[in-house]
Amino acid sequence: MLSPEGELKISFGYKCNSYKGIPCEITNGYKILPDVRRTSSFSCLSGAALSANATLANTNICNGKIGGEILPSWDSPNSFRKVPSSPSLSKLDRLSSSLPNSLSYLSCSPSTPSDILEYDSCTSKSMSDLSRNEGFLNAEEVQVAGGAAGEDRVQAVCSEENGWLFCAIYDGFNGRDAADFLAGTLYDTIISYLDKLIWELDPGLIKASNSVGLGEALQYKLDYSLIHHEDQSLSRFKGRNDCDHGCFAKGSPSTKSEASCDSFSNGVLDSLQRALSQAENDFLYMVEQEMEERPDLVSIGSCVLLLLLHGNDLYTLNLGDSRAVLATCSTGDRLNKSERLQAIQLTDSHTVENEAERARLMADHPDDSKVIIAGKVKGKLKVTRAFGVGYLKKKNLNDALMGILRVHNLTSPPYISTQPSLNVHKISSADQFVIVGSDGLFDFFSNDEAVKLVESYILSNPLGDPAKFLIEQLVARAADSAGFSMEELMNIPAGRRRKYHDDVTVIVIMLGMNQRTSKASTCI
């Protein structure tokens with residue numbers, strides 16, 4: 001068995017409150033929280049990560065601001081901890097001050113007008129004065145957990161009393177700088193774009209009274225529009241980064257009327273996409289500033305998987321081959337032993353093995369006969385969409401590399417897309433849990449296998465840790481495939497062990513209010 005103190009780099013858990021009047025005490029290794037108002041659609045979650053790559057912590061990007069100042073405020077690898085939810089621009093302001101030539105409203109890069117958050121002077125002042133308990137993800141304090149395992153990074157941020165959960169897996173490759181950059185900046189950038197969305201939805205909500213905050217006022221309006229959509233899931237969102245997309249573009253008539261369920265959900269998805277686009281612009285700008293001293297930065301990238309659970313809406317955004325898999329049943333009975341759960345993949349797989357992705361890539365480069373070489377994009381990557389990896393997107397970044405590292409015949413960049421797949425699913429009584437994992441997990445388990453493992457585990461271990469269990473099962477399978485015992489495999493140093501398995505990050509989110517989480521607790 002693996003232990004959090006040993007091989008597991010990350011192992012954390014969180015359990016929601018469901019009963020009133022529970023005293024604060026320590027029991028079974030968990031800290032009982034005082035009662036809070038339950039508005040969330042999840043009852044608990046667990047996260048775990050195992051490294052296989054030997055990766056140095058690259059803390060010098062953005063003059064060391066990311067690794068030296070921002071990431072330490074986020075990282076909590078073995079437990080959730082409560083932190084003040086300060087205005088989101090504070091960290092981004094610190095980052096922007098590290099680059100004297102910064103022109104971006106948010107962080108490092110001079111971006112195009114469509115990518116920058118634009119406000120008139122009155123709006124800008126009002127938005128900057130917002131506290132975190134007045135925005136879309138409103139909360140005075142939040143619980144945070146996460147950290148790094150090899151080239152992977154994981155984050156979990158939740159406000160149980162306000163009914164939302166944010167999870168992210170950044171699966172880095174060729175180094176961890178891109179994953180570190182995302183972990184240090186993307187959440188706050190998302191918050192800024194969501195706050196802009198709320199402002200455009202109804203500026204009057206910003207002036208909500210202390211007794212009824214913006215989140216409650218907004219939720220009242222949303223609940224009214226959600227009545228007719230209780231058990232429906234929106235079709236996959238086909239958003240684009242342009243000014244006239246969605247109903248919340250500046251000047252759109254619909255921003256002055258009550259939002260429908262679909263239009264608001266599309267607005268949230270659009271905000272996630274625009275935040276990712278902003279982060280990409282910022283990162284590539286930073287790479288161009290620093291590549292003379294560190295030319296390796298042009299080849300560093302990351303897959304991105306975001307999950308935002310807000311009330312009953314489960315939003316996902318992904319680039320690359322990480323996955324979010326929903327376990328659901330047709331009868332609606334929670335964990336009925338007589339019925340097997342169905343695995344539904346909520347995300348697309350952006351790899352050359354995906355025929356749709358392969359066809360898109362070929363269509364985007366009709367004059368290049370060598371788009372895919374040896375099963376990889378330009379002979380370099382299996383993923384077709386990713387964050388960073390600038391040398392496959394810009395000629396000047398490719399030219400920074402020497403010899404065999406440089407891509408020859410870079411005919412029509414970009415070859416790697418930053419257009420994410422987005423989706424929103426309405427949580428129903430049939431939905432049991434969600435498995436969020438980097439591709440290292442799915443190298444060994446199919447979606448169905450992962451769901452069956454978690455289902456059987458929580459039925460026999462109602463207070464156990466399903467994320468840690470999945471990783472233990474992966475190590476057992478990897479060891480068996482290599483002809484080792486688990487102990488022999490884990491004794492192989494990181495770096496050499498990458499031959500047998502990848503970095504693996506897993507989060508399991510239990511939906512609803514099941515009996516297994518009848519007590520509220522946060523791991524300590």
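Me: A residue counts as buried under 20% relative accessible area, as exposed over 50%, and as partly exposed in between. With these cut-offs, is A494 buried, exposed or partly exposed?
Reply: The model is predicted, and A494 is found in its loop between α12 (486–490) and β18 (504–511). The relative accessible area of A494 is 34%. That value falls between the two cut-offs of 20% and 50%, so A494 is partly exposed.

Me: Which residues does A494 touch, not counting residues up to four places away in sequence?
Reply: A494 and T55 are 439 residues apart in sequence, yet their C-alpha atoms are 8.6 Å apart in space. Contact means heavy atoms within 4.5 Å. Leaving aside residues up to four places away in sequence, A494 touches A52, N53 and A54.

Me: How many helices and strands does the protein chain have?
Reply: The protein chain has 524 residues, of which 59% count as buried. Its accessible surface comes to about 21,200 Å², and 50% of this belongs to carbon and sulfur atoms. The secondary structure of the chain consists of 12 helices and 19 strands.

Me: Is N63 buried or exposed?
Reply: N63 is found in the loop between β4 (42–50) and α1. Its relative accessible area is 54%. The cut-off for this class is over 50%, so N63 is exposed.

Me: Which residues of α1 and α4 make the contact?
Reply: The crossing of α1 and α4 is left-handed. On the side of α1, the contact is made by I66, I70, L71 and W74. By class, the contact of α1 with α4 has seven nonpolar, two polar and two charged residues. On the side of α4, the residues are D180, F181, A183, G184, T185, Y187 and D188.

Me: Is R153 buried or exposed?
Reply: R153 lies in strand β7 (residues 152–159). Among the residues that R153 touches are L71, D180 and A183, and the C-alpha atoms of R153 and D180 are 7.1 Å apart. The relative accessibility of R153 is 4%. That is under the cut-off of 20%, so R153 counts as buried.

Me: How many nonpolar, polar and charged residues has the contact of α10 with α11?
Reply: The axes of helix α10 (residues 447–460) and helix α11 (residues 466–482) come within 10 Å and cross at roughly 125°. The crossing is right-handed. The contact is made by E449, A450, L453, V454, Y457 and I458 of α10, with P466, F469, L470, Q473 and R477 of α11. By class, the contact has eight nonpolar, one polar and two charged residues.

Me: What is the phi of K378?
Reply: K378 is in the loop between β14 (376–377) and β15 (387–388), and at 6% relative accessibility K378 counts as buried. Its phi is positive, in a residue other than glycine. The value is near 50°.

Me: What is the positive phi of N174?
Reply: N174 is in the loop between β8 (164–173) and α4. With a relative accessible area of 45%, N174 is partly exposed. Although N174 is not a glycine, its phi is positive, at about 65°.

Me: Is the peptide bond from P413 to P414 cis or trans?
Reply: P414 is in the loop between α8 (395–398) and β16 (421–426). The peptide bond from P413 to P414 has an omega near 5°. This bond is cis.

Methods: Residues are numbered from 1 along each chain as its sequence is written. This is a predicted model: local features need pLDDT of at least 70, side-chain atom pairs count only at pLDDT 80 or more; totals for chains, interfaces and linings use all residues. Side-chain values use heavy atoms; hydrogens and water are left out. A crossing is left-handed if the near helix is turned anticlockwise from the far one by less than a right angle, and right-handed if clockwise. Helices (H or I, at least four residues) and strands (E, at least two) are DSSP runs, numbered from the N terminus. Ala, Val, Leu, Ile, Met, Phe, Trp, Tyr, Cys and Pro count as nonpolar, Asp, Glu, Lys and Arg as charged, and the others, Gly among them, as polar. Buried means under 20% relative accessible area, exposed over 50%, partly exposed in between (1.4 Å probe, protein chains only). Accessible areas come from the Shrake-Rupley method with a 1.4 Å probe; for residues, only the protein chains shown count as cover. Axes are lines fitted to C-alpha atoms, for helices over the stretch in contact, and angles run from 0 to 180 degrees between N-to-C directions.
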